[in-house]
Amino acid sequence: MVVMKMKFPFEKRVKLAQGLWLLSWLATMAGALTFTLGCFLKTELNRRAEVMDNTDIHIVPNTLMIVGMASLGINYFAGKICQDALDAGRFLRWKSFLKPYFGVSCFFSALMLLSVIMSYIMKGNLESSLKIGLKNGIRFYKDTDTPGRCFQKQTIDRLQMQFHCCGNTDFRDWFEVQWISNRYLDFSSKDVKDRIKSNVDGRYLVDGVPFSCCNPSSPRPCIQYEITNNSAHYNYEHQTEELNIFIRGCREALVNYYMGLMKTIGAGVFPVFLIQGSVLVSLRYLQTAMEAVTGEENTEMETEGYLLEKSLKETIMEYLDPVLTFFLLNQVSDDSTGAEGSTPTP
Amino acid sequence: MVLLKMIFPLQRRVRLAQGLWLLSWLAVMSGAFTFCLGVYLKTELLRRAEVMDNTEIHVVPNILMLVGLASIGTNWFAGRVCQDSLDVTRFPRWKPFLLAWFAVAMILCFLLITSVVLSYALQGHLEESLKVGLRNGIRFYRDTDVPGRCFQKETIDRLQVELRCCGNNNFRDWFEVQWISNRYLDFTSKEVKDRVRSNVDGRYLVDGVPFSCCNPGSPRPCLQYHLLDNNAHYNYEHQSEELNLYSRGCRQALVDYYMELMNTIGPGVLSLVFVQISVLLSLRYLQTAVEGAMALEDPEGESEGYILEKGLKDTFEEFKANTLNLLKLGQINPNAEEDGDEKAASS
């Protein structure tokens, strides 16, 4: 039972070959674009790698880059095949190549679709990675003298200034950690001693934030310390004050930024997937139409083209059979002729 | 005495025309590139227009944009001329335009060189303009409730954060102005009253800077206030502290930024000058060679090409004489009426 049969008179075959050649060049450029988008996304993720806990999210740009490179190769061959397609003599040499070619191409096309889907669904993963990364960044903000952590302060400061955000969830995260190093605290002063005694771990906690949380749009010079104390500042009510510091949390800011980027890239790669699919479908039709011509006297006769010779299930089994026999051969079987030592080992 | 004479057989003329055609298209693209550079420079200058007092420096990008557009048209024209140059019937119609074309091309080259010279010469003007602009910005920093000045604070803050600078010359400029608005000062407190009384104008001056001067590269949380008081902060010496605030002044930062930009643009502009001059010389040779060939009996024979028919001095004298004649014709002269009628009858 043939899948999606179509009739191909000679004129239609010629048009199909020409159209496919143009389409394969378009698909090559689209594949190069996909690779570029993957590189761009990877660069952007690497820029903020210090506030990410794991690199799971990198699977999206990695897949895009692999698929982009693969599609360059796939479409190059598609162009060459369709150039030879109308000449029955030259088309013969591609015959044995085409079956594995279609298998590989379908695999990479599916991978492309998968990358588009992943760019939308990996939000939760990204968010949890950023949550941990930012929590560590804020915890180690004061450790500018510890090797390996000495740049956390600068990283977090620049991040907050660039993304107009403060803290992890919001600015109150800074109230819960000691972000002022002991090197700059006068332990002989009463205020410091009181604060340290007032909590269990002996940490110097303040209701203040670093300067990088300050909002330049505020009409008033920035209030960094004693934020929750209304009487510490003239004409100040912290409940109604909105412009003084950034109210958005950095996790939300970064997630929005990266999801916006990935959604745009996903929307750009989906048409590339459609183009790639149409290249493969056209090539399949061209191949089957030309195969019917081989050996015939009249090369300009009408032929039939189809997508799959057998039904979908049978075709999948046909592809999987070699793989299954490979595994079956390696199974230890009672009635195998293992004693003769003829079982091939990889 | 002909200037820079060269012999042009037919093959060479053909090669010259082909080469000139390619060169003119290269010059068109260079012109477009110069226009884009001008637009980019103008955009960058406009971004910081709020801290500039005057727009004198804008003459540089304006010239670049003008010359870029003009050279696109000029070189497209040169391409058309050289396309027709090898066809004896079509070339004569371009003849009257060529003198004007040469004049325009030379003016364009001159303008380009002027723009490069100006970009260096106007550095002093730029610095003055920034000095006044930044001084006003710092003075009006606190006036966030005054219409027309309410964005100065945000402008100065963003400038200091982006360019990593503080104040006009350095951070001490902030000590000399009141940058904290009276709306946020408690005039019943002793400290405020003391500070306001301690100076003649009744201003609230502090030895402190806005948060935008803070350097993220500092190992210590930023110290903004009481900067000159070593006792106000633990383990602090203001004389040796370098990383706490940005040490560079914003005027220096902006001048450096724009000078670097113009230094990068300079070579691109000079390459356009070079290309334009090559087009000009090639077209002159082509014109004289083709005109020489048309005058010969055998149009495919050898002809001479040159830059100037007479020497440089003679050509200049001739040019001067022609200009004076034109001016004389315009003068009111009782004798000129009869001559004028004759000339009108003959032209």
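Student: Numbering the bonded cysteines of chain B in sequence order, what is the pairing?

Tutor: Glad you start there! A disulfide here is a pair of cysteine sulfur atoms within 2.5 Å. In chain B the pairing is 1-6, 2-3, 4-5, and the disulfides of chain A follow the pattern 1-6, 2-3, 4-5 as well. Keep in mind that this is a predicted model, where local features need pLDDT of at least 70, side-chain atom pairs count only at pLDDT 80 or more, and totals for chains, interfaces and linings use all residues. Residues are numbered from 1 along each chain as its sequence is written, chains are lettered from A and ligands numbered from 1 in the order in which they are written, and side-chain values use heavy atoms, with hydrogens and water left out.

Student: How many disulfides does the rule give over all chains?

Tutor: The count is 6. One of them joins B:C165 and B:C250, with sulfur atoms 2.1 Å apart. The torsion about that S-S bond is about 90°, so the disulfide is right-handed. Helices are DSSP runs of H or I with at least four residues, and strands are runs of E with at least two, numbered from the N terminus. B:C165 lies in the loop between helix 5 (152-163) and helix 6 (190-197) of chain B, while B:C250 is in helix 7 (residues 250-295), so the pair ties together parts that are 85 residues apart in sequence.

Student: Is B:C165 buried or exposed?

Tutor: Buried means under 20% relative accessible area, exposed over 50%, and partly exposed in between, with a 1.4 Å probe and protein chains only. B:C165 is buried at 0%, and B:C250 counts as buried at 1%.

Student: What area is buried between chain A and chain B?

Tutor: The size of an interface is often given as the accessible area lost when the parts come together. Buried area is that loss, taken with a 1.4 Å probe and summed over both parts. Here the value is about 2,500 Å², with carbon and sulfur atoms giving 61%. On the chain A side, A:Y184, A:F211 and A:P216 lose the most area to chain B, together 25% of what that side buries.

Student: How many salt bridges does the rule find across the interface of chain A and chain B?

Tutor: With a side-chain nitrogen of Lys or Arg required within 4 Å of a carboxyl oxygen of Asp or Glu, the rule finds 0.

Conventions
Buried area = accessible area lost by both parts, 1.4 Å probe.
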